[in-house]
Amino acid sequence: MSSVTIRGVKKKYGAMDVLHGIDLQIRDREFVVLVGPSGCGKSTLLRMIAGLETISGGDILIGNRVVNDVPAKARDIAMVFQNYALYPHMSVYENMSFSLRLKRMAKDMIDRKVREAAEILNLSKFLERSPRQLSGGQRQRVAMGRALVRDAQVFLFDEPLSNLDAKLRVVMRTEIKALHQRLQTTSVYVTHDQIEAMTMADRIVVMNAGKIEQIGTPLELYDTPANLFVADFIGSPSMNFLRGKLEQGAVVLPDGSRLAASGQGAAGQAVVFGIRPEHLALATDGTGLAAEVEVVEPTGANIQVYARVAGMPLCAVFTERHDFRPGQTIHLIWPEGKAHLFDDATGHRLQGGAN
Amino acid sequence: MTGKLKRSLIYWAILSPLMVVILFPFGVMFVTAVRPRAELFTYPPTWGFSEFRWENFSEMWVKTNFGGALLNSLYVSVAATAVALLLSIPAAYAMSRYRFAGKGAYRTFLLMTQMMSPIVLVLGLFRLMMSLGLVNDLNSLVLTYAAFNMAFTIWMLQSYFNSIPRDLEEAAWMDGASHLTSLVRIFLPLAVPAMVVTAIFTFINSWNEFVLALTMMRSSEDFTLPVQIYAQVAGRYQVEWHHVMAATVLATVPVAIVFSWLQRYLIRGMALGAVK
Amino acid sequence: MANRFQKSVPLMMILPGLALALAIIGYPIFDLAWTSMQDVSRFGKLTGFNGGENYHEVFADPLFWESLWRTGIWTFAVVGGTLAISMPVAMILNDDFHGRGLARVIIMLPWAISLTMTAVVWRWALNGRAGLLNATLMNAGIIDQPVEWLATASTAFVVEILVGILVSIPFTTTILLGGLSSMPQDAYEAAVVDGASGWDQFRHITLPLMKPFINIAIVLNVIYVFNSLPIIWVMTEGGPANGTDILVTYLYKLAFRFGQLGKAAAISLVMFFVLLAFTMLYVALVSRNDRDDAAPEEEIKA
Ligand SMILES: Nc1ncnc2c1ncn2[C@@H]1O[C@H](COP(=O)(O)OP(=O)(O)OP(=O)(O)O)[C@@H](O)[C@H]1O
Ligand SMILES: [Mg+2]
């Protein structure tokens, strides 16, 4: 097991810059998740760590060793591919033992390791089958098994669950997490699913357009997003944003309503007031932010209400059952310290937050 | 169900004239190959004949030196296929897996060579083989067939190689395999079917080639089958048609069977490789 | 250093094949160009530079012009006829019906057999006395006397064109089938919903979408047919009285019968340039298809 250090790493494809200087320190035994929208460069970064892409600038270190020019096979890294990349002409057993056979490990040793891994992954019954004869979930597990037998320094995962159905994804998510707790191998996991990121990660790296937007634990990202992008990306449904102007300790919306806020900013500055849907509650006394209900969506566990405030859309989630009707005006309040304040021009979080 | 039945009947009715014309020469071949010599030129001409003379085949074998020509054809086709494949596999792999300077130019060059036909170059080729001392040497055909087939084999192979996911080789590298190991243990086993199909098509092309064989092989013991059969017909006062037809039956039927079995691969390969 | 080596790997992989192609296909072109400007003895000895004399001779030769004209007819008729038959055949073979596998095998059959053998068999089948075509037509009562199919140039040429069409159908059908099988099914369904008849569908969906495939089938066929020697050579050797000569048979006779090597080289070069023009057209068509494909490919990768 080993740490991974990424220092000022850049990637260009011809004239196109795909990564613009990534700095990231992944600690030993840590489970780090890279999230971001499609095309932001997650896979590229992962493949550079793996040694499958050349590095256009900066350094990548595994442990204390700079590996920029070390070929993939010598980096001692295991990787689970999005489409699993199982060798179609080999049985499950042969797939899992391939790397060990390349190392010329003793036969009985290989056998022990493969069976051990198969046991952990519930694959013992399928060892003689060919990948063709497995279900999607089983294939995914073989891909994991192939990484598992390696005792590699680092595990890399590139959207390993994206080809599974929603239920199986949740199951495998838990299994991978349990596996990591047991083996403690340094892991880098790419996904564009923020729920996967939140549930699995020790730390999350949010990427956008070839840059890192924020690094932090899931709760740090949830509680104190560094900018509008992260605030919008983390959490579901997304955070509500109300645009207004800062005036004497309050955000003034275009329709004149005032939201108490204690952000540090110049008076008159254009700001964005952020509040998560799940933090909104109904005011019983008719005070609070007035919103006009447009659509009501009960999910069973809760009710999602889409409303409009000063012409801007807003979503609220209630766990209690209310009987809302479109056109109705409701009044919303939120607990102190749950609101966020961002500079509208730069998107950066304004220290001090809002109330 | 009845809709499909009706459609089938209509389609077969539309196709049948074409099929009759396609199958007609096969009928001619068989009927002539087994009839007695005396019944070749009966008047009025007729499909019927009095007895099956299978001895025509054994007589033909001896009189036309069929065995020798068969061996020549086999040698040339096998060797040309081997050379073409040996040179095409790495080239197709490079085209499918690497970006490199000049790739576009190489693609265009391949397209051009595929269009160049032996007949236009035949005089130049003859002079080239003269100067190399390869006229009357079957190896001249091996080299030319290999060269003229390579554009086709590279395309065919490349289109199949493209369908083998790159992931697999990357996974092997991650598993600690060198490029060579991943090539030998992962890539090549998966590419075998493609190579077999391509090899068979190259073989058939070489087997059927006429112009170059006619030009380069000047003495009859070096003739390949098409030239040998042509020689039984061309410039002779008395053509032993029953022998000629027996020879064409033997030379074409095995190839036609293999081809029928493989033609669906060709449709796929053409659609993927040659046209795109 | 390691990087430089890696960069040269793909080049080393294409190099051996490239070398062979350049030697066997590239060199003869230069040799022909060189030879075409020399006096050449019957035995292939170059006896001196003679400027454009060979070309003058070629262009002054009425047989050249006749062959050229006939090559045009031959190419146009064979390619046109092939396409007219292959299009409906491909559409039928692309549809689902009982025995489709067998139908495909039969239609593809002529491709498996060398043109030489096909031509030999037809030469016999068309024999003026005992040919089985005569037998068939007489049995059917269409003719009452055997016909000497290959004895007059005009009939022989027509027959040769028909055989040419027959052997070109499999290849053409294959290309068109490749195109048809990549046709989007939902476009047809949408058209049916919009009230399009079968003919409308063909006119407004099949034909436009098939255009690149039809173009390529035309260009490739033009090149192959333009270059095709065996059918005419085996059936009539360009005769009777040079009446079925096309450029390739004429060229072959000049070079290997009459020993007029300089003149033959000149014709080769003329043909080479004609071919080059067609090839350019083909390259342009193929790369246009590639470009059309490029956009969706990018999307899938991203
Ligand atoms: N071989 C290549 N040549 C040129 N550009 C490329 C290449 N590979 C990737 N890119 C570009 O690099 C960018 C980042 O790609 P990458 O695959 O890393 O995205 P990603 O974050 O993994 O997205 P996804 O979530 O869709 O997998 C994209 O804009 C992509 O178009
Ligand atoms: Mg990706």
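This briefing covers the surroundings of ligand 1, the overall form of chain C, and selected residues of chains A and B. The model is predicted. Ligand 1 lies between chains A, B and C, and 14 residues surround it. Chain C has 302 residues, and its radius of gyration is 24 Å, whereas a compact globule of that length would have a value near 19 Å.

**Ligand 1 and its shell**

- The residues closest to ligand 1 are Ser38(A), Gly39(A), Lys42(A), Ser43(A) and Thr44(A).
- The side chain of Ser43(A) places an N or O atom 2.5 Å from an oxygen atom of ligand 1.
- Glu159(A) has a polar side-chain atom 3.1 Å from an oxygen atom of ligand 1.
- Sorted by class, the shell around ligand 1 holds six polar, five nonpolar and three charged residues.

**Overall form of chain C**

- Chain C contains twelve helices and two strands.
- Read from the N terminus, the order of elements in chain C is α-β-β-α-α-α-α-α-α-α-α-α-α-α.
- The C-alpha trace of chain C spans about 80 × 70 × 30 Å along its principal axes.
- Of the 302 residues in chain C, 54% count as buried.
- When contacts in chain C between residues at least 6 apart in sequence are considered, 66% of them join residues at least 24 apart.
- Chain C has an accessible surface of about 13600 Å², and carbon and sulfur atoms account for 66% of that surface.

**A buried lysine in chain A**

- Lys113(A) is located in helix α3 of chain A, which comprises residues 107–121.
- Lys113(A) counts as buried because its relative accessibility is 16%, and the cut-off for this class is under 20%.
- Apart from neighbours within four places in sequence, the contacts of Lys113(A) are Leu100(A), Met105(A), Val149(A) and Asp151(A).

**Backbone features in loops**

- The peptide bond that joins Ser236(A) and Pro237(A) is cis, with omega at about -5°.
- Pro237(A) belongs to the loop of chain A between α8 (228–233) and β11 (240–247).
- Gln184(A), a residue other than glycine, has a positive phi near 60°.
- The loop that holds Gln184(A) runs between α5 (166–183) and β8 (186–190) of chain A.
- Gln184(A) is classed as partly exposed because its relative accessible area is 29%, and this class lies between the limits of 20% and 50%.
- In chain B, Asn136(B) has a positive phi near 70° and is likewise a residue other than glycine.
- Asn136(B) sits in the loop of chain B between α5 (118–131) and α6 (138–162).
- With a relative accessible area of 31%, Asn136(B) is partly exposed.

Definitions and conventions. Residues numbered from 1 in each chain as written. Chains lettered and ligands numbered in written order. Heavy atoms only, no water. Helix = DSSP H or I, 4+ residues; strand = E, 2+ residues; numbered from the N terminus. Buried < 20%, exposed > 50% of the residue type's maximum accessible area, 1.4 Å probe, protein only. Contact = heavy atoms within 4.5 Å. Near = heavy atom within 4 Å. Polar contact = N/O pair within 3.5 Å; in protein donor to acceptor, adjacent residues only side chain to side chain. Nonpolar A, V, L, I, M, F, W, Y, C, P; charged D, E, K, R; others polar. Rg over C-alpha atoms; globule rule 2.2 N^0.38 Å. Areas by Shrake-Rupley, 256 points an atom, 1.4 Å probe, with all protein chains shown as cover.
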